[in-house]
Amino acid sequence: MKNKKLLVFVLLVMGAVLYFAIPRTLYGNDEESIVKVIRSIEGYTVPTANIDIVEIKDIEENRVVSFLYDNMPAYAHFIKNSMGNYRWVYVEKSGEVSLAQFMVNRIRGEDDAPVMLFVANGENEVAKIQVIVNDEVLETEITPHTMDVAWVEIPGTNEKSYRFDYMYYDEEGNRIGDD
């Protein structure tokens with residue numbers, strides 16, 4: 001009888017050790033788990049770095065998370081798996097700038113044009129972004145002096161190549177960068 005109790009105890013201890021020792025897969029299913037996923041990625045593991053989620057956008061089976069990593073604009077791309085969990089596939093951060101532009105690929109079909117994502121921190125002074133893509137002018141607005149996100153749908157092209165020019169404007173409509 002004593003041996004059975006000892007065996008049960010040993011099995012329970014081993015089960016607990018295995019349960020806590022096996023690494024758990026992290027998914028981007030909610031804001032808290034997204035932050036955990038980001039903190040688990042090499043280059044984003046500094047425990048004192050602030051991670052501020054700016055926007056979570058779901059596009060079909062894709063989830064794009066715009067965030068600030070220690071006030072640097074960044075984004076992460078997740079894809080929904082067959083179990084309904086969002087698995088991390090890509091992350092990118094800018095340098096120490098107030099507004100960063102990212103080309104987000106693989107959001108729609110492979111043959112679709114990429115989508116341009118702008119992520120701003122609270123130091124951003126840009127209010128309007130004008131992007132000229134293959135001679136087509138596209139405009140979007142972004143809220144200055146706050147964390148914000150703007151998306152620009154890139155028009156498709158038969159050549160599958162793109163030429164970009166950017167112009168930025170402040171709240172009064174003055175072009176930023178013109179001296």
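The following legends describe close-up views of a predicted model.

Residues are numbered from 1 along each chain as its sequence is written. In this predicted model, local features need pLDDT of at least 70, side-chain atom pairs count only at pLDDT 80 or more, and totals for chains, interfaces and linings use all residues, while side-chain values use heavy atoms, with hydrogens and water left out.

**View 1. Confidence along the protein chain, from helix 1 to strand 2.** The predictor's confidence in each residue is given as pLDDT, from 0 to 100. The protein chain has a mean pLDDT of 86, and 83% of its residues reach 70 or more. Confidence is lowest in helix 1 (residues 2–21), with a mean of 62, and highest in strand 2, with 96. Where pLDDT is low, the predicted coordinates should not be read in detail. Helices (H or I, at least four residues) and strands (E, at least two) are DSSP runs, numbered from the N terminus.

**View 2. Helix 2 and the strands that cover its buried residues.** Helix 2 (residues 31–40) has Ser33, Ile34, Val37 and Ile38 as its buried residues. These residues lie on the same side of helix 2 because they cover an arc of only 140° around the axis, the arc being that of the directions from the helix axis to the C-beta atoms. Buried means under 20% relative accessible area, exposed over 50%, and partly exposed in between (1.4 Å probe, protein chains only). The cover over the buried residues of helix 2 includes strand 1 (51–59), strand 2, strand 3 and strand 4 (86–93); contact means heavy atoms within 4.5 Å.

**View 3. Strand 2 between its two antiparallel partners.** Strand 1 and strand 2 run antiparallel and are joined by 8 bridges; two strands pair if DSSP finds at least two bridges between them. Within this pairing, aspartate 52 has leucine 68 as its bridge partner in strand 2. Strand 2 and strand 3 also run antiparallel, joined by 8 bridges, and serine 66 has tyrosine 75 as its bridge partner in strand 3.

**View 4. Residues with a positive phi in the two hairpins of strand 2.** The hairpin of strand 1 and strand 2 has 2 residues between the strands, and its glutamate 60 takes a positive phi near 55°. In the hairpin of strand 2 and strand 3, likewise with 2 residues between the strands, aspartate 70 has a positive phi near 50°. Asparagine 71, in the loop between strand 2 (62–69) and strand 3 (72–80), has a positive phi of about 75° although it is not a glycine. Most residues other than glycine have a negative phi. Asparagine 71 is partly exposed, at a relative accessible area of 30%.

**View 5. Asparagine 124 and histidine 145 in their loops.** Asparagine 124 lies in the loop between strand 6 (115–120) and strand 7 (128–133) and is buried, at 0% relative accessibility. The side chain of asparagine 124 reaches the backbone nitrogen of valine 126 at 2.9 Å. Not counting residues up to four places away in sequence, asparagine 124 touches Ser98, Leu99, Ile142, Thr143, Pro144 and His145. Histidine 145 belongs to the loop between strand 8 (136–141) and strand 9 (148–153), has a positive phi of about 60°, and is partly exposed at 47% relative accessibility.

Conventions:
A polar contact is a pair of N or O atoms within 3.5 Å; within protein, one must be able to donate a hydrogen and the other to accept it, and residues adjacent in sequence count only if both atoms are side-chain atoms.
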